[in-house]
Amino acid sequence: MLTKIKFAPGIDKQDTAVGAEGRWVDSDNVRFRYGLPEKVGGWQSLLTDSLVGVARKQHAFVDQDGNRYVAIGTDKFLIVYFEGQFFDVTPLSTTISAATFTFNGSTTITITTSAAHNLEDGDIVLFDSVTLPGGTGLSASDFEDKLFQVITTPTANTFTITFTSSGSTASGGSVDIKPYERVGPAAQTYGYGFGISQYGGTVQGAQTSTLDGALAADTNGNNGSATQIRLASTTGFSSGGGTIAVGNELITYTGVAGAELTGISRAKKGTASAIHSDGATVTNATEFSGWGDAVDAATVTLEPGLWSLSNFGDVLVATIANGKTFTWDSSIAARLSTRASTTTSGFQTTNNPTATRVTLISPTTRHLIHFGTETTIGSPTTQDDMFIRFSEDENINAYVPEATNTAGTQRIQDGTKIVGALVAKENILVWTDNALYTMKFVGAPFTFGFEQVGTNCGLIGKNAAIEIDGVAYWMGNNGFFSFDGTVNTLPCSVEDYIYDDVDTTKGQQVCAGINNLFTEVTWWYPTSGSDFNNRYVVYNYGQNNAQLPMGNWYTGTNTNSIRTTWIDSLVYPKPYATAYSSSATGSFPAVIGETGLGRSVLFEHESGTDQVNPDGSVTALTSFIQSFSFSLQPDQSEVFLAMRRFLPNFKVLTGNNQITLSIKDFPAQDDIETTLSPFTVTSSTLKVDTRARGRYANIKIENTGVGESWRFGTFQVDIQPDGRRG
């Protein structure tokens, strides 16, 4: 007897595998179109180069001559993508003149400055006007106009770099140091104690290393020792003991023996023991507590390096989160060799606030708006996380309110900090950590009117909201929401799966993206124990209907599919996104002595069937979807049934597909693959013979090879009685 098994679109993880009747229960790299599941489109790297660091923001715009650009903000750089090339336009900080070299016969070089350099480990510096001391065997051209990473900062007047080869022992010479403006850490983490080091939550000179051996989520160390943690290097870690940070976990130690920290104690200062992979970053957190008694880690979070990017006509406006605002003019002839700055001719930002959480350009009126900014311009200590300041219209450098201009200020109330803001048609939506406000131009004398339109609907992270056709979708700390004039809670069929495991202390790393062609909103997010995004969830806003009261949602964990930024097809015909690997090394900009910065690859999506890497190699884009465990005997509870064959029905099938049948006798049992599974199916397969006996069964449809694509239709199975219960 042939029986057709029907499945509704979307994934249901709120129910059990048996209880999610008529639904799919798990997926990866799958979307639903017209109610049918299909493999997602592929993606290809746009360049052979990859970016150094983790990309956190993209913004595409077109200048008046029709030239297209993508601005990309990373934790280290501000990059412009133009006509198939990357250009470094990162703003520079104050030059440190006439520093000197000390070569010690190794690849480590010490730079000494005459005054405090205010650099931190990991900072990027540009060398200029280089004169080497005699006898090093190296050339000034090896250093001139080159970028270096600051490796250590032993004192306020010295820092070290790593060169590609050893120079003979010598000291002296001269070099001008041009530091890149500091953006922030690669990952969101925590601090503890009162008065956490410098403004912005960073700790100058914090030593880092990596694990030499994985840590399990227990009380033990690695390399088989219960009381020791082995590192790649213990240089810079106090032999008298201290505290280290690995991911979200704080670990204390009492001493150092070779490459091992001894006398360890896991899960300290309110943190939890977690799994940490071999090679995970280890940070010396001993000095994270400034003064007074330390408090739990959950009390303070140190946000990652973030950017706000928008454009004022031809001009890119770029703001470092909790920092300054810079501009870059695409209309000048030397644009691609000119850096963003606060003194860009005609578009200065010297009168802008110097500590701001978020900026954007208002629609139509073109005010530059600072959210979570200074009450006294130029004084970072007056930054108020709930304070808003906006410029005069059409003048991004005028902020003093006067009777003859439209500059002004406003403080909103509900919440502790403004998290994000975006433009939704003629409205500006402003999220705090608890509420949603609308900000709309109303004219003189107030310029903008503010209205609170929602509470208990705060935003989890700056980039976790997206807007399409006047409707905003966002991820909060405890659910998903939309705003179409009214705040709505989005029913979610995978909510527990996400919120039981999402790391809300890393909310600023959450990235939202919209793929309008397929009416999808995707959120990439980190789970507990992960330093970076490692999962995604999709809401299909265009294929929701009354038969899906919990919405059309799907999920994924494929490492190749995780993104840190996304822009939809608007300026460019297809979506662009960045993928980050903390263990790989980027190639642009070229940084000598780079270590631990990772790599971001810029991909064009919905291209082909697989992943095309920067070097031209192809990685198979695997995908799967698995059904609920359907009953084989709805009206014959005392009878086992047997499956003799099934009829696969694909709307589209390119290459091979694998179908796995699994069975079980009781809902609580684990799935057991049938004897002949998995079955390889092609477009010419008419039927598949099988042998399976049980009460419940499910199917898993997947592809594993290069060049494979599919869209599944229906599933019919031949079921026959096969004996009574024993």
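Colleague: Where is P445 found?
Modeller: In this model, which is a predicted one, P445 is found in the loop between β38, residues 435–443, and β39.

Colleague: And what is the peptide bond from A444 to P445 like, cis or trans?
Modeller: The bond that runs from A444 to P445 is cis, and its omega angle is near 0 degrees.

Colleague: What about the bond from F588 to P589, cis or trans?
Modeller: That peptide bond, from F588 to P589, is cis with omega near -10 degrees, and P589 itself lies in the loop between β49 (576–581) and β50 (591–592).

Colleague: Switching to K462, where is that one?
Modeller: K462 is found in the loop that connects β39, residues 447–455, with β40, residues 465–468.

Colleague: Is K462 buried or exposed, and which side chain of opposite charge is nearest?
Modeller: K462 is buried and has no salt bridge, and the nearest side chain of opposite charge belongs to E303, which is 9.4 Å away.

Colleague: Then which backbone oxygen lies 2.6 Å from a polar atom of the K462 side chain?
Modeller: It is the backbone oxygen of W307 that lies 2.6 Å from a polar atom in the side chain of K462.

Colleague: What else is K462 in contact with?
Modeller: If neighbours within four places in sequence are left aside, K462 is in contact with L306, W307, S308, R357, V358, V419, G420 and Q508.

Colleague: New topic: how many cavities of 30 Å³ or more are there?
Modeller: The count comes to one cavity of 30 Å³ or more, and about 240 Å³ of space lies in the largest cavity.

Colleague: Which residues lie nearest the centre of the largest cavity?
Modeller: The lining of the largest cavity is made up of 19 residues, and those that lie nearest its centre are R31, V40, T522, W524 and Y536. The elements that give two or more residues to this lining are β4 (30–33), β44 (511–515), β45 (520–525) and β46 (535–540), with the largest share, three residues, coming from β45.

Colleague: Last one: what is phi for N29 and for D145?
Modeller: Phi of N29 is near 55 degrees, a positive value in a residue other than glycine, and phi of D145, also a residue other than glycine, is positive and near 60 degrees. N29 is found in the loop between β3 (23–28) and β4, while D145 has its place in the loop between β14 (124–131) and β15 (147–149).

Colleague: Why does N29 count as buried?
Modeller: N29 counts as buried because its relative accessibility is 2%, and buried means under 20%. D145, on the other hand, is exposed, with a relative accessible area of 55%.

Notes
Residues are numbered from 1 along each chain as its sequence is written. This is a predicted model: local features need pLDDT of at least 70, side-chain atom pairs count only at pLDDT 80 or more; totals for chains, interfaces and linings use all residues. Side-chain values use heavy atoms; hydrogens and water are left out. Helices (H or I, at least four residues) and strands (E, at least two) are DSSP runs, numbered from the N terminus. Buried means under 20% relative accessible area, exposed over 50%, partly exposed in between (1.4 Å probe, protein chains only). Lys and Arg count as positive and Asp and Glu as negative; His and the chain ends are not counted. A salt bridge is a side-chain nitrogen of Lys or Arg within 4 Å of a carboxyl oxygen of Asp or Glu. A polar contact is a pair of N or O atoms within 3.5 Å; within protein, one must be able to donate a hydrogen and the other to accept it, and residues adjacent in sequence count only if both atoms are side-chain atoms. Contact means heavy atoms within 4.5 Å. On a 1 Å grid over the protein atoms alone, a cavity is a set of points where a 1.4 Å probe fits but cannot get out, and a pocket is an open set with protein on both sides within 12 Å along at least five of seven lines; lining residues have an atom within 4 Å of a point. Grid points are joined across faces, edges and corners, and a volume is the space filled by probe spheres set on the points.
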